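Keep the structure open as you read.

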Amino acid sequence: MPESIWFRDDDRPRRPRLTRERIVTAAVALLDAEGVAGFSMRALAARLRAGTMSLYEYVRSKEDVLDLALDEVIGEIEPAEAGPWRELLVRRLTQSRQVMRRHPWVPALTATRPLLGPNAVARSRAFYSALAGAGLSGATLVAAVGTLSSYVNGFVASENTWWDTVRTPEADAEIRGKVTRHLDDHADELARHAQVDNGDFETQFLLGLDLILDGIETRLPPGNRATRVSGVHGS
């Protein structure tokens, strides 16, 4: 006859009950490792050492988890602080790029769903407020926000794809060298202008951002036009 559990102390460690916070933390880690294509509720449950169906006690669907994970990493962008509008936007968008580099799946998700989580709403409110306070309104304000968001998402999506393919600085330098030599031989004028040997993504990002902000600044009332932020390239 098997021994009854009541005849012994059962001191084996028990898995703590799941929480939404644990699920979101694991979801971010899974997305970082596998991307959106590799994300599934089954894989998430395996990472949590839980049954797949147990996740649905806390969320209704996979899409809920993706929404929560996205808002979680958006929270890594620092809350807004007081200061000149242009300086605030450069700091915010630079941090956005850093978040998207740490979490390469973010650009794909931001393009497929409304950003309505508490972190996203707080940061969007601050972003709109900075440009509205500088003097933009209506369709021009909306276009400025959309242009800046599209620039950052597009730049980082391309940057992430490049590093997923090339993987190392050494390989990056090698292919840039090959392209430079090819253009020198076959399109010397393009070689002078394109500068494909420049692999400094951060400098390119800041310069492109600077150009967009310069354009936005031409739409502001003269008294609200800012002095260029120190450390941003251009002019």
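## Around R176

Set aside the neighbours within four places in sequence, and R176 is in contact with W162, V196, D197, N198, G199 and F201. This is a predicted model, so read the contacts with that in mind. R176 itself sits in helix α9, which covers residues 169–186.

Is R176 buried or exposed? It counts as buried, because its relative accessibility is 14%, and the cut-off for buried is under 20%. Its side chain has polar partners, too. One is the side chain of D172, joined to that of R176 by a polar contact of 2.9 Å. Another is the backbone oxygen of V196, which lies 2.8 Å from a polar atom of the R176 side chain. V196 also turns up in the list of residues that R176 contacts.

## The aromatic cluster

The structure holds five aromatic pairs. Take Y151 and F155: their rings are tilted, at 5.9 Å centre to centre with 50° between the planes. Why are these two about one helical turn apart? Because they are four residues apart in helix α8, which runs over residues 138–166. As a rule, an α-helix has 3.6 residues a turn, so residues three or four places apart point the same way. Both Y151 and F155 are buried.

Y151 has another ring partner in F205, and this pair is stacked: 5.5 Å centre to centre, with 20° between the planes. It links distant parts of the chain, with Y151 in helix α8 and F205 in helix α11 (residues 201–217), 54 residues apart. Y151 and F205 are both buried. Which residues make up the aromatic cluster? Y151, F155, W163, F201 and F205 form it together. F201 is also one of the contacts of R176.

Over in helix α4 (residues 62–74) you'll find E72. At 45% relative accessibility, E72 counts as partly exposed, whereas R176 counts as buried.

Not counting residues up to four places away in sequence, E72 touches V24, V28 and N119. T25 is worth a look here as well: E72 and T25 are 47 residues apart in sequence, but their C-alpha atoms are 8.4 Å apart in space.

## Helix α5 and the annotated stretch

Helix α5 takes in residues 85–102, 18 residues in total. From its first C-alpha to its last it reaches 26 Å, close to the 26 Å expected at 1.5 Å a residue. The helix is mostly covered, with 13 of its 18 residues buried.

Then there's the stretch at residues 40–59, which an unreviewed UniProt entry annotates as "DNA-binding region". In the model, this span is 60% helix and 0% strand, and its end C-alpha atoms lie 13 Å apart.

## The whole fold

How many helices and strands are there in the protein? There are 11 helices and zero strands, so the run of elements from the N terminus is α-α-α-α-α-α-α-α-α-α-α. Of the 235 residues, 36% are buried.

For contacts with a separation of 6 or more, 67% come from residues 24 or more positions apart.

Definitions and conventions. Residues are numbered from 1 along each chain as its sequence is written. This is a predicted model: local features need pLDDT of at least 70, side-chain atom pairs count only at pLDDT 80 or more; totals for chains, interfaces and linings use all residues. Side-chain values use heavy atoms; hydrogens and water are left out. Buried means under 20% relative accessible area, exposed over 50%, partly exposed in between (1.4 Å probe, protein chains only). Contact means heavy atoms within 4.5 Å. The expected span of a helix is 1.5 Å times one less than its number of residues. UniProt positions are given in the numbering used here, feature names are shortened, and annotations may be inferred rather than shown by experiment. A polar contact is a pair of N or O atoms within 3.5 Å; within protein, one must be able to donate a hydrogen and the other to accept it, and residues adjacent in sequence count only if both atoms are side-chain atoms. Rings of Phe, Tyr and Trp (its six-membered ring) pair if their centres lie within 6.5 Å; planes under 30 degrees apart count as stacked, over 60 as edge-to-face and the rest as tilted.
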